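I opened this notebook to keep a record of what I looked up, one topic at a time. Each entry gives the terms I needed along with what I found.

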Amino acid sequence: MGEAQKGLLSVIEKLKGSTEQEVRIVLLGLDNAGKTTLLKSLASEDVNTITPTQGFNIKSVASHGMKLNVWDIGGQRKIRPFWKKYLENTDLLIYVIDSADKKRFEETGLELSELIDEENLKGVPVLIFANKQDLATASPASEIAEGLNLHTYRDREWQIQACSAMSGEGVQDGMNWICNNIVNRKK
Ligand SMILES: Nc1nc2c(ncn2[C@@H]2O[C@H](COP(=O)(O)OP(=O)(O)OP(=O)(O)O)[C@@H](O)[C@H]2O)c(=O)[nH]1
Ligand SMILES: [Mg+2]
């Protein structure tokens, strides 16, 4: 390839890069819900060596021609007060629930309803992953949706998706919803 062609190619590449849509996603949920496992699974990384998140992780994942910048923030009780600091300019919230942790359904529901009321998340679409469906004791997504009163959410798009971050099952279905939703919103 000649120098002129190379130059042209790099200009085209730069233009392509600059038009690529960037999307800011925050990934929240109680500790042990499986947020980091989900993030690693999205990035096709090993999911077997994960430890509790003390601060946050961020990864950029390419999907449907978009660049998804995903912020995974630790869910331990002592870290939750910091969630609010990450919500500005969020395009989408992913909320992860351990579907087998029935003892904490109420707690996770309260945290979600507080987030939904945040000014910075006004009208922001939310995808709820009913995670750990591979466990025999997991509640079905429909039951979790009912417990969370999702049908009362009228000010935003929402979706609940059953998944296993560990096996990857259901994760892509959730990502498809995200990408279709964002594409539709920007039209
Ligand atoms: N069986 C099963 N275990 C899972 C699944 N997803 C995550 N886990 C396990 O749940 C535990 C917690 O996962 P993490 O990804 O660290 O959870 P987290 O939400 O990031 O937790 P914090 O960083 O403390 O907020 C780990 O032992 C994971 O292996 C799943 O789909 N199925
Ligand atoms: Mg984590």
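**Ground rules.** I am working with a predicted model, in which local features need pLDDT of at least 70 and side-chain atom pairs count only at pLDDT 80 or more, while totals for chains, interfaces and linings use all residues. Residues are numbered from 1 along each chain as its sequence is written, and chains are lettered from A and ligands numbered from 1 in the order in which they are written.

**The annotated pair.** In the UniProt record, an unreviewed entry, I found the feature "binding site" at Thr36 and Thr53; such annotations may be inferred rather than shown by experiment, positions are in the numbering used here, and feature names are shortened. The two span 18 residues in sequence, yet no two of their C-alpha atoms are more than 7.6 Å apart, so they gather at one spot.

Thr36 sits in helix α2 and counts as buried because it has 23 C-beta neighbours inside 10 Å. The cut-offs are 20 or more other C-beta atoms within 10 Å for buried, 12 or fewer for exposed, and anything in between for partly exposed, with C-beta atoms placed from the backbone. Thr53 belongs to the loop between α2 and β2 (56-63), and with 18 other C-beta atoms within 10 Å it is partly exposed.

Leaving aside neighbours within four places in sequence, Thr36 is in contact with Ile50, Thr53, Asn57 and Asp72, and Thr53 with Thr36, Asp72 and Gly74; contact requires C-beta atoms, placed from the backbone, within 7 Å.

**Gly75.** I found Gly75 in the loop between β3 (66-73) and β4, where it is buried, with 23 other C-beta atoms within 10 Å. Gly75 and Lys35 are 40 residues apart in sequence, but their C-alpha atoms are 8.7 Å apart in space.

**The core.** The largest nonpolar core has 39 residues, and Leu27, Leu92, Leu93, Ile94, Tyr95, Phe129 and Ala130 are those with the most contacts inside it; such a core is a set of buried Ala, Val, Leu, Ile, Met, Phe, Trp, Tyr and Cys residues joined through C-beta atoms within 7 Å. Strand β4 (residues 92-98) gives the most to this core, with six residues.

**Strands β5 and β6.** Four of the five residues of strand β6 (residues 158-162) are buried, so the strand is largely enclosed by the rest of the structure. Strand β5 (residues 126-131) pairs with β6 in the parallel sense over five bridges, pairing being called when DSSP finds at least two bridges between two strands. Ala130 has Ala162 in β6 as its bridge partner.

Technical notes. Helices (H or I, at least four residues) and strands (E, at least two) are DSSP runs, numbered from the N terminus. Two residues are in contact if their C-beta atoms, placed from the backbone, lie within 7 Å.
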